[in-house]
Amino acid sequence: MMKLKKTQRIIEGVVKGSPASSRMRRTAIAGLLLAGSATTALAADPAAGEKIFKTQCGICHAVAAGQNRIGPTLFGVVGRPAGSVPGFNYTADHKKLGVTWDAATLDKYLTNPRAMVPDTSMVYAGLKDNAERADLVAYLETLR
């Protein structure tokens with residue numbers, strides 16, 4: 001209980017606003033923001049993503065350039081406009097999607113492909129686990 005009261009006094013001192021506490025508050029906020037972004041970046045594991053790819057995506061998608069299967073190659077997918085792999089026959093919705101694949105759009109798509117591309121021919125229902133999806137996207141980012 002004493003520790004809680006001491007912590008409350010420290011927080012109250014920072015919140016009340018002396019010049020020193022203002023610097024401390026800015027430093028604490030910056031530290032929390034940096035820690036949060038570093039944690040997010042460190043949380044994604046490309047090696048774990050590769051395992052997910054092999055079990056959930058690899059049956060339909062290749063990772064070699066120019067090698068289409070049931071689905072288009074995912075080599076170089078990050079940074080590539082949707083519906084643009086030569087030699088792959090995309091659905092109309094996919095062709096007119098108008099996005100360039102990046103971590104955010106891949107995350108959204110992999111959560112629920114049909115929500116983003118209603119006429120997709122991909123039968124995959126989506127990857128609901130946030131951490132697994134982050135790992136998968138981290139792996140896809142390595143395919144260059």
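Here's a quick briefing on the structure above.

This is a predicted model, so to speak of local features a pLDDT of at least 70 is needed, side-chain atom pairs count only at pLDDT 80 or more, and totals for chains, interfaces and linings use all residues. Residues are numbered from 1 along each chain as its sequence is written, and side-chain values use heavy atoms, with hydrogens and water left out. The chain has 7 helices and 0 strands, where helices (H or I, at least four residues) and strands (E, at least two) are DSSP runs numbered from the N terminus.

**Overall picture**
- Read along the sequence, the pattern goes α-α-α-α-α-α-α.
- Of the 144 residues in the chain, 31% are buried; that label means under 20% relative accessible area, while exposed means over 50% and partly exposed is in between (1.4 Å probe, protein chains only).
- Take the contacts (heavy atoms within 4.5 Å) between residues at least 6 apart in sequence: 38% of them join residues at least 24 apart.

**Confidence**
- The average pLDDT (the predictor's confidence in each residue, from 0 to 100) is 83 for the chain, and 71% of the residues score at least 70.
- Over residues 35-41, pLDDT stays under 50, and the model has 0 contacts there beyond four places in sequence.

**Asp135**
- You'll find Asp135 in helix 7 (residues 130-140).
- Asp135 is buried but has no salt bridge, meaning a side-chain nitrogen of Lys or Arg within 4 Å of a carboxyl oxygen of Asp or Glu.
- Lys51 is the nearest side chain of opposite charge to Asp135, and it is 9.7 Å away; Lys and Arg count as positive, Asp and Glu as negative, and His and the chain ends are not counted.
- Leaving out residues up to four places away in sequence, Asp135 touches several residues, including Ala43, Pro46 and Ile52.

**The largest pocket**
- The largest pocket has a volume of about 570 Å³, that is, the space filled by probe spheres set on grid points joined across faces, edges and corners.
- On a 1 Å grid over the protein atoms alone, a pocket is an open set of points with protein on both sides within 12 Å along at least five of seven lines, and lining residues have an atom within 4 Å of a point.
- The largest pocket is lined by 32 residues, and His61, Gly71, Pro72, Tyr109 and Met122 lie nearest its centre.
- Helix 5 gives the largest share of the lining, 3 residues.

**Asp102**
- Asp102 is in the loop between helix 4 (92-95) and helix 5.
- Asp102 counts as partly exposed because its relative accessibility is 36%.
- Val77 and Asp102 are 25 residues apart in sequence and 8.2 Å apart in space, C-alpha to C-alpha.

Notes
On a 1 Å grid over the protein atoms alone, a cavity is a set of points where a 1.4 Å probe fits but cannot get out, and a pocket is an open set with protein on both sides within 12 Å along at least five of seven lines; lining residues have an atom within 4 Å of a point.
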